[in-house]
Amino acid sequence: MKTSVLAFLSIFVGLTMAAMSLAAQTVKIEQMVSGLDEPWAIAFLPGGALLITERDGQLIHIDGADRKSVSGLPKVFADGQGGLLDVIAARDFATTRQIFFTYSEPVRGGGRTALASAILAPDGASITDLQTLFGQEGPRRGGRHFGSRVVEALDGTLFLTVGDRGARDQAQSMDVHSGKVIRINRDGSIPSDNPFLNGDTPEIWSLGHRNPQGAALDAQGRLWTAEHGARGGDEVNQPQAGRNYGWPVISYGRHYSGGKIGEGTTKSGMEQPAHYWDPSIAPSGMMIYSGKMFPDWAGDAFVGSLKFDMISRLEVSGSTAREVERLFQDRFSRIRDVREAPDGAIWFLSVGEGAAYRVTPG
């Protein structure tokens, strides 16, 4: 039986560390980085350095006690939910020093979800060879629902989530990228096995998404996403090529006004979520765990909650998921990102504390 967290937490005076009792062990929680301004994503680099994005447009490089703001980034549309958002290191970073990051790109009328690549300097102080690989077509006004997680697939292609930008019907339109999962090659070209190659938007992988702010691969290389619903109906999905995930035709939530969304919860030709939350937890960063440090959690999904200040742990079975535990509830506010470090430690970002934390066995 998998271990579960008990409701005990003790803070050691003078230390940025906490111990939480588990059924079978104690977990140590250490504050590793502080003083962050609305952090959004964290990436691990070979050798132990980190990259952390701040939504206002700063990319922070941290290597031990050395901390610097990376220069050379593009301007961002830092309005509402927009700004500098996700960042990952390429799988071959050790030889290429390539990174990928997402942001809301300023364009006439507002901003759009964009994906860029760049080369990080050896000292982490700057980027060069900046290239925009993708820019969203569709609604550009307002500061809502950018989505904006990027994942490198096992075959080297890139998945990017794009929210519906608050124009919900656009999630069903094949003329725009809003409310879609996008798949492109590392140079921005279109993979030859994408499902809609004959259409005007061949970058599209799947459709019918509202605002996916979490995305991760499992050990088999399958993509999973966590996305915001409206009033209820937050979802975990396993987006597959050419499939429609229903928004806003079907949903397990309701409009913020209390009104009904679409046609109900099911419709032929539209996929059911692997899991849904009602009431909403406001899901954000997502990670599927290898089991390196916590073997009992191997294969489980971890999703940060902005609303309930916790990390949801879900057991994954095939194409379904089930929430089994809420970790650290009310101990850290607005958990934005959850990642696994190369050594198997679990890291998360708290917006409220402006900090990055590391979770290891105690």
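I count a contact when heavy atoms lie within 4.5 Å. With that cut-off I looked up Leu 120, which touches Leu 45, Leu 51, His 61, Val 70, Phe 93, Arg 97, Ile 99, Ser 126 and Ile 127, leaving aside residues up to four places away in sequence.

The model is predicted: local features need pLDDT of at least 70, side-chain atom pairs count only at pLDDT 80 or more, and totals for chains, interfaces and linings use all residues. Residues are numbered from 1 along each chain as its sequence is written, and side-chain values use heavy atoms, without hydrogens and water.

Cores. I took a nonpolar core as a set of buried Ala, Val, Leu, Ile, Met, Phe, Trp, Tyr and Cys residues joined through side-chain atoms within 4.5 Å; buried is under 20% relative accessible area, exposed over 50%, partly exposed in between (1.4 Å probe, protein chains only). The largest such core has 25 residues, and Leu 120 is among those with the most contacts inside it. Two or more residues come from each of β4 (39-44), β8 (84-89), β9 (98-107) and β10 (110-120), the strands being DSSP runs of E, at least two residues, numbered from the N terminus. A second, separate core of 18 residues includes Ile 29, Val 338, Ile 346 and Tyr 357.

Backbone. I found a cis peptide bond from Trp 247 to Pro 248, omega near 0 degrees. Another cis bond joins Asp 278 and Pro 279, with omega about 10 degrees; Pro 279 is in the loop between β19 and β20 (283-288). I placed Ala 282 in the loop between β19 and β20; its phi is positive, about 60 degrees, although it is not a glycine. Ala 282 counts as buried because its relative accessibility is 16%.

Note on methods
Helix = DSSP H or I, 4+ residues; strand = E, 2+ residues; numbered from the N terminus.
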